[in-house]
Amino acid sequence: MEIFNYMETYDYEQLVFCHDKTSGLKAIIAIHDTTLGPALGGTRMWTYKTEEEAVEDALRLAKGMTYKNAAAGLNLGGGKTVIIGDPKTEKNEEMFRAFGRYIQGLGGRYITAEDVGTTVQDMDLIYQETNFVTGISSTSGASGNPSPITAYGVYRGMKAAAKEGFGTDDLNGRTVAVQGVGNVAYNLCRYLHEEGANLIVTDINKEAVARARDEFGARVVEPDEIYDVDCDIYAPCALGATLNDDTIPRIKAKVIAGAANNQLKDSSHGETLHKKGVIYTPDYVLNAGGVINVADELNGYNKDRAMKKVETIYDNVSQVFEISRRDNIPTNEAADRLAEERIERMRHSRSQFLHSEKHILKNRI
């Protein structure tokens, strides 16, 4: 990979390599765009096969956070960290403390949080060295378990999608097929059940589906059957890439809205759904409740305030559909356009301000 060519092509700002011999830290911080504010994005620890693979992942994820934060209406840019190593065997206190010092050295340009392979406890260690970290323990005044709040955002966005697809956002009597019943999806099922929706669930975890069946009266099907059930809404809440050439023809739902990341196997599948007349709700707009929640920690966490901000996911999803109709483009492209237009407005505003300041200074001279 020609790193500077890649950064120039996709407009990245900064790539930071962090190394600490004593602890074994090998980390890469990618900052994509700070037009809207400091970059916020989690720290992922993974056993990458090569260093190049780690760099590519950091860059890809950082850009994704730019779009996610912009579409969520946050005054934050996008960044991401990857730590090369096995999260099960290679963690130690010194590693995360050293990493915290690197973050502190960036002076607030980058704020981290937990991600795949890292935990609240890891964030607490980083917090020993810097304040530029979110998702720390609730005993430190943070937000605690984000799953219920993420689920609430998905629920609100699903209602907006239902209004687009059915003319009303009332989910009472609607049948929702939920793929995966992990922590976020369980809480989503709870919200749906309370509104009177009929649930069909699947998961490889038998205890998870039994819990949904017993508590919410959900009908349980085998994992591969979920694509073929008769339902109004399909909610992918497990693995990514479940919307692909094999599954899309099988899905009977009018609306797709779920918590999983990277649901489209390829961006072209957004076009496929668009032509099919299926209302696809882009995942990074829908599942932004988690990042909205941790972002509130930067102002001194207030749950009521965070929940009110999460409620705006309904409006954000509605804007995506408006752009899709306006420009006659698939909703996944519309979501990108929503983010890009907001960033460009801020970039133009700042450019105008700087121009005015230079003009005033010139006149004074």
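Contact here means heavy atoms within 4.5 Å. Keep that cut-off in mind as you click along. The model is predicted, so local features need pLDDT of at least 70 and side-chain atom pairs count only at pLDDT 80 or more, while totals for chains, interfaces and linings use all residues. Residues are numbered from 1 along each chain as its sequence is written, and side-chain values use heavy atoms, with hydrogens and water left out.

**Stop 1: Glu-195**

Select Glu-195, which you will find in helix H6 (residues 183-195); helices (H or I, at least four residues) and strands (E, at least two) are DSSP runs, numbered from the N terminus. Show its surroundings: Glu-195 touches Tyr-155, Lys-159, Asp-169, Asp-170, Leu-171 and Asn-172, leaving aside residues up to four places away in sequence. Glu-195 has a relative accessible area of 17%, and it counts as buried because buried means under 20%, with exposed over 50% and partly exposed in between (1.4 Å probe, protein chains only).

**Stop 2**

Next, colour strand S1 (residues 14-20) and strand S2 (residues 25-33), which run antiparallel and are joined by seven bridges. Two strands pair if DSSP finds at least two bridges between them. Look for Cys-18 and its bridge partner in S2, Ala-27. Four residues lie between the strands of this hairpin, and Gly-24 in the turn has a positive phi of about 85°.

Stay in strand S2 and pick Ile-28. Is Ile-28 buried or exposed? It is buried, with a relative accessible area of 3%. Its contacts include Leu-15, Val-16 and Phe-17, as well as Glu-51, Ala-54, Lys-80 and Ile-84. Asp-57 is 29 residues apart from Ile-28 along the chain, and their C-alpha atoms are separated by 9.7 Å.

**Stop 3: the six-stranded sheet**

Now bring up the open sheet of six strands, in the order S9-S8-S7-S10-S11-S12, with parallel pairing. Strand S9 (219-220) and strand S12 (279-280) stand at the edges with a single partner strand each, so one side of each has no neighbour in the sheet. Zoom in on strand S7 (residues 175-179) and strand S8 (residues 198-202), which pair in the parallel sense over five bridges. Here Thr-175 stands opposite Asn-198 in S8.

**Stop 4**

Begin with Asn-287, in the loop between helix H9 (283-286) and H10. Asn-287 is buried at a relative accessible area of 5%. A polar atom of the Asn-287 side chain lies 3.1 Å from the backbone oxygen of Ala-259. Among the residues that Asn-287 touches are Lys-68, Thr-150 and Val-154.

Move on to Asn-262, in the loop between strand S11 (255-256) and helix H8 (268-276). Its phi is near 55°, a positive value in a residue other than glycine.

Then find Asn-328 in the loop between helix H12 (313-327) and helix H13 (331-364). Asn-328 also is not a glycine, yet has a positive phi of about 50°. With 60% relative accessibility, Asn-328 counts as exposed.

Key
A polar contact is a pair of N or O atoms within 3.5 Å; within protein, one must be able to donate a hydrogen and the other to accept it, and residues adjacent in sequence count only if both atoms are side-chain atoms.
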